[in-house]
Amino acid sequence: MQIYLPIAEIPINIITILMFGLITGFIAGMFGIGGGFLATPLLIFVGIPPAIAVATSTNQIIASSTSGLLIHLRKGNVDIKMGLVLVIGGFFGSFIGIYIFKFLQKTGQIDIAVSIIYVVFLGTIGLNMLINSIKQLLESKYQITWEKEHDSAFARCIAKAKKMPLQVEFPKSQITVSLFVPIILSMLIGVLVVLMGIGGGFLMIPAMISILKMRSEVVTGTSLFQIIFIAANATFLQAMNNNLDIVLAALMILTSAIGSQIGTKTSYKIDTERLRSFLALLILAVCLKMLISLFTDPANIYSLEIIK
Amino acid sequence: MMRFISIIILTFQFFCFATIKTSYANSIISGISTSEIEIDTSFKGAKILLFGAKGYVGNVIVAVRGPKKQFILTKKNELFGIWYNGKRVKLNDSYSYYSLFSTFIDQKIPEQLLSDLELGKNNIDLNFYSADIDKKAIEDFRLYFLDEMQKENLYLSDVEKVDFLNETLFKVMLEFPKNISRGTYSVDIYLIDDGSLISFQSIPIYVKQIGFSAKILNFANQEPLKFGLLAIFIALFTGWFTNLCFCRFFGK
């Protein structure tokens, strides 16, 4: 079953796209991430031009995030106040990101710098999360207690930053923190999102857990909440650049919203620690994939892109 | 069916006309079964029949050229074992489709003429644009571009044969792959004899989207703002509606 895509200008198999939507929706709902890291390469793999693949996956993310968010909302597990603060920070961050992007483009070599930064980030975050969740799993299973570690310089720095002025209470997350911390955090992530061209859920969720120390029940829902805004903004900009294929997006949206429902419901059946270690493994897998692609000889050292 | 009948009638009329005319003229005359390719939601590629007649001398060469587009080519470089995107070159105004059909078996055609007429894939004019790049690098980019376009079936790898029904009548089946771009294509028919061009004809083919597909394309191009908002709305609505259905049928 084929359908011709008006913007991408190629026919595509409907069933394949529906399956892609289901899978990415499931992952997105389960972990509270956008899932662009999965959708974009899959679409490119079946022959969709890269620019259109990126635009389409951002549109699809809105649907899967909304679908999952509504479940979390009903259970009261979304910190809307924190979500809005993160949206504002991310918004400014993306503007700064665009400037940095233009500057780096002029000097060249943007790819290598950004890729290395990202791999290092993902690697450290993934490993940290994995170690922590394994420790806690062992703790609860065998009653092992770990020696209390001395606070690292980084942790002390964070603690100090949290005591800065503009203290605000976030009752849903059960934290009181200086407004600067979530704003600066989401700004930095917003910059990286622009430079890497992907959603940033991989960075936001670990930041919510280990830096902001939000109550773990609200992390997934709050992440989905702020992703909707980021994805809507990106979709809009992509449509203005004529990169959005609405037929392709509509197909993916249909099943990714369903996948997200199943994923979110599954996440409530798995305990938080186990879920977190799965996410850590996922992050490490993506990191590994990036490392491999950086270090292996490419099948073709040239690549071709048509400008419409 | 109607189209098929009209092709037969057209072909018949044409052949009657052509046999009379070409018997005393050293020219070439040809026509195509349709001058429009319409892309709808079920488009899988298209075939167009080119037919024509020539005098008793000369070789027929048919070149089909797609609308000119911009391309960007990137080459990966290695630094301490890390692969990254290095040199990028822009390719301005180059054919998005190219295929060639010919009869030249009995005569050798001078390279200069082929090059002037851009016949053969090595003679296609590729306008590379880059500030600092040497000839060798350009040549590598050029070879890669031709290779890649062949893989996409947009450039035909070999020169196909022109079929002859008798000494003067010929036909060529032009095949357009499913991934062709919209725009105006030109079918250029050359008659070459004794190393020089003696007759030339160019027929345009219009490739355009129709129906639902065309409506979406127009909407996206003319009102990107509304288009973007609609895309966001569809996604939000579907997310909400799916959740509603799940609540109703599978419980909370």
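**Surroundings of B:Val62**

Leaving aside residues up to four places away in sequence, B:Val62 touches B:Leu50, B:Phe101, B:Val162, B:Val172, B:Val187 and B:Ile189. The model is a predicted one.

**Strand β4 of chain B and its partners**

- Strand β4 (residues 59-65) of chain B is largely enclosed by the rest of the structure, because five of its seven residues are buried.
- Seven bridges join β4(B) to strand β12 (residues 183-193) of chain B in an antiparallel pairing.
- Within β12(B), B:Ile189 is the bridge partner of B:Val62.
- β4(B) also pairs with strand β7 (residues 98-102) of chain B, in the antiparallel sense and over five bridges.
- In β7(B), the residue bridged to B:Val62 is B:Phe101.

**The largest nonpolar core**

- The largest nonpolar core has 129 residues, of which A:Leu248 and B:Val62 touch the most other members.
- α9(A) gives eleven residues, the largest share of this core.
- This core lies between domain 1 (2-209) and domain 2 (215-250) of chain B, because both domains give residues to it.

- Four strands form an open sheet in the order β5(A)-β5(B)-β6(B)-β8(B), and their pairing is antiparallel.
- At the edges are β5 (302-307) of chain A and β8 (127-129) of chain B, each of which pairs on one side only.
- From one strand to the next, the twist averages 30°.
- β5(A) is joined to β5(B) by six bridges in the antiparallel sense, and B:Gln70 in β5(B) is the bridge partner of A:Ile307.
- Strand β5 (residues 68-79) of chain B runs antiparallel to strand β6 (residues 82-95) of chain B, with ten bridges between them.
- In β6(B), B:Trp83 is the bridge partner of B:Glu78.
- Helix α3 (residues 135-151) of chain B lies across β5 of chain A and β5, β6 and β8 of chain B, and runs at about 120° to β5(B).

**The contact between chains A and B**

- Chain A contributes 46 residues to the contact and chain B contributes 47 residues.
- The elements of chain A that each supply at least two residues of its side include β1 (2-5), β2 (10-13), α3 (50-74), α5 (110-142) and β5.
- The residues on the side of chain A that touches chain B comprise 32 nonpolar, ten polar and four charged.

Notes:
Residues numbered from 1 in each chain as written. Chains lettered and ligands numbered in written order. Predicted model: local features only at pLDDT ≥ 70, side-chain atom pairs only at ≥ 80, totals over all residues. Pairing = 2+ DSSP bridges. Axes fitted to C-alpha atoms, helices over the stretch in contact; angles between N-to-C directions. Contact = placed C-beta atoms within 7 Å. Nonpolar A, V, L, I, M, F, W, Y, C, P; charged D, E, K, R; others polar. Core = buried A, V, L, I, M, F, W, Y, C linked by C-beta atoms within 7 Å. Buried ≥ 20, exposed ≤ 12 C-beta atoms within 10 Å, placed from the backbone. Domains from an automatic or database assignment.
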